[in-house]
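Subject: Structure for your review

Dear colleague,

Please find below the structure that I am handing over to you.

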Amino acid sequence: MNSRTLCVFFLAATLGLTSANAAITFTVSFTAQAQSDLSPAEQALFTDAIQFWDDIIDGHRDGINRAWNLSVDTFSTAASGGSITLGSAGPGSVAFSQPVAGLALDVTWNSNRFIYSTSGSSNFNVHPDAGALQAATIRHEIGHALGIGTLWEDNGLYTDGVVNPNREGSGSPGQFNGPAALAAFQAEFDPGASFVPVELNGSGGTAHGHWNEADSALFGDAGSAIIAISGPGTGLSMDDELMTGSLSSPNWISNTTIASLYDLGFTLHTIPEPGTIAFLGLALLLPIRRRR
Ligand SMILES: [Zn+2]
C-alpha cells in the first residue's frame with residue numbers, strides 16, 4: 001500500500017441481482033491500489049466470490065432490505081517464520097438491526113437486536129510469496145467481512161474471555177454457542193457436541209475468529225481431525241473447511257458455517273442438501289497459508 005490508498009477511488013461493480021427474494025444487494029469495489037495490483041481476471045474472482053455468498057444469503061432476519069458493499073484493498077508482505085498472511089477482512093461498518101422476536105442467548109442485552117455488518121473492508125496480499133490469488137481466500141475473507149468471527153461477540157454468540165461490556169459474549173473461550181450453527185455441527189460432525197469448537201491458536205487475528213481444525217485440543221490442532229458424517233462434506237475434514245484459519249485442500253463450506261450466518265441475523269436461501277455445493281479443487285501450497 002502507499003499513500004494512494006488515502007484517496008480511495010471506488011469502481012462500483014454492481015452485480016446483476018434479479019432474484020425477487022434477494023433482500024441484500026451485494027456489490028464490490030476496488031481501491032486504486034487494488035485496481036493497480038489486480039488483473040481483470042483477479043477482480044472477476046471477487047465478483048464470483050460475492051455471488052457465492054449471495055447464493056447462500058437471502059436477507060436479514062429483521063426483514064429490512066439493505067445494500068452491502070465489499071471494499072477491496074491490497075498489500076504486499078513477504079512470508080515470515082514459515083507462514084504468510086494471505087488476507088484480512090472485517091466489517092467496514094456496523095449497525096443495529098430492528099428488534100427481532102425470539103432471539104436466544106445474550107443478545108437480549110441489545111434489546112433483541114443484531115449487530116449487522118453494513119459494509120465489508122478487505123485486504124489481500126499480492127506479494128509473490130502469497131502465490132496466485134485463490135477463490136477460497138476471497139470467499140473466506142468475505143465471510144469475515146459479513147461477520148463470521150468478527151461479530152460473534154457483538155451478537156452474544158461467543159466470548160474471547162476478555163471482559164468488554166459492549167461485546168458481552170456467552171460461554172467460554174473456544175466455544176461458539178450460536179444455536180443454528182450448533183445444531184448443524186451436531187448433525188454434520190458430532191452429535192454429542194455442546195458447542196462448535198473455535199480456534200484458540202495462531203497469530204493475531206486467527207484465534208477466536210475461526211472454527212477449530214481438530215476436535216479435542218482446543219488450544220491447538222493436535223487433536224483428531226473432525227470428519228463430516230453428513231451433509232455436503234461427508235467424509236471431508238474440518239481441517240479443509242472454508243472458515244478455518246489456514247487454507248488447505250479440498251476447500252469446502254460446511255453446513256455449520258452456513259447455519260452460523262442465521263445466528264448472525266441473516267436469512268438463508270436453504271441449508272443445502274448433500275451434493276449441492278461445488279467443491280473447490282485447490283493445489284496444496286506451502287508454506288502454511290495463514291488467513292486472518
Ligand atoms: Zn480468517
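Two residues are taken to be in contact when they have heavy atoms within 4.5 Å of each other. Please bear in mind throughout that this is a predicted model.

By that criterion, helix α2 meets helix α3 through Leu45, Phe46, Ala49, Ile50, Phe52 and Trp53 on the α2 side and Ile138, Arg139, Ile142, Gly143 and Leu146 on the α3 side. Nine of these residues are nonpolar, one is polar and one is charged. The axes of α2 and α3 (residues 135-146) lie 9 Å apart, at an angle of about 55 degrees. The pair is therefore classed as oblique, and the crossing is right-handed.

Leaving aside residues up to four places away in sequence, Trp53 touches Arg139, Ile142, Gly143, Leu146, Ile148, Leu242, Ile253, Thr257 and Leu261. Trp53 and Phe46 are also the residues with the most contacts inside the largest nonpolar core, which has 57 residues. Elements that each supply at least two residues of this core are β2 (24-30), α2, β4 (66-75), β7 (115-125), α3, α4, α5 and β10.

From α4, the contact involves Pro179, Ala180, Ala181, Ala184, Phe185 and Glu188; from α5, Asn255, Thr256, Ala259, Ser260, Tyr262 and Asp263 take part. Seven of the residues in this contact are nonpolar, three are polar and two are charged.

Finally, some details on α5 itself. How many of the nine residues of this helix are buried? Eight of them are, so defined by a relative accessible area under 20%. The buried residues are Asn255, Thr256, Thr257, Ile258, Ala259, Ser260, Leu261 and Asp263. They pack against α2 (40-54), β3 (57-60), β8 (175-176), α4 (179-188), β9 (196-197) and β10 (266-268). After α5 comes Gly265, which has a positive phi, near 100 degrees.

With kind regards

Terms used
Residues are numbered from 1 along each chain as its sequence is written. This is a predicted model: local features need pLDDT of at least 70, side-chain atom pairs count only at pLDDT 80 or more; totals for chains, interfaces and linings use all residues. Side-chain values use heavy atoms; hydrogens and water are left out. Buried means under 20% relative accessible area, exposed over 50%, partly exposed in between (1.4 Å probe, protein chains only). Helices (H or I, at least four residues) and strands (E, at least two) are DSSP runs, numbered from the N terminus. Ala, Val, Leu, Ile, Met, Phe, Trp, Tyr, Cys and Pro count as nonpolar, Asp, Glu, Lys and Arg as charged, and the others, Gly among them, as polar. Axes are lines fitted to C-alpha atoms, for helices over the stretch in contact, and angles run from 0 to 180 degrees between N-to-C directions. Angles under 35 degrees count as roughly parallel, over 145 as roughly antiparallel, 65 to 115 as roughly perpendicular and the rest as oblique. A crossing is left-handed if the near helix is turned anticlockwise from the far one by less than a right angle, and right-handed if clockwise. A nonpolar core is a set of buried Ala, Val, Leu, Ile, Met, Phe, Trp, Tyr and Cys residues joined through side-chain atoms within 4.5 Å.
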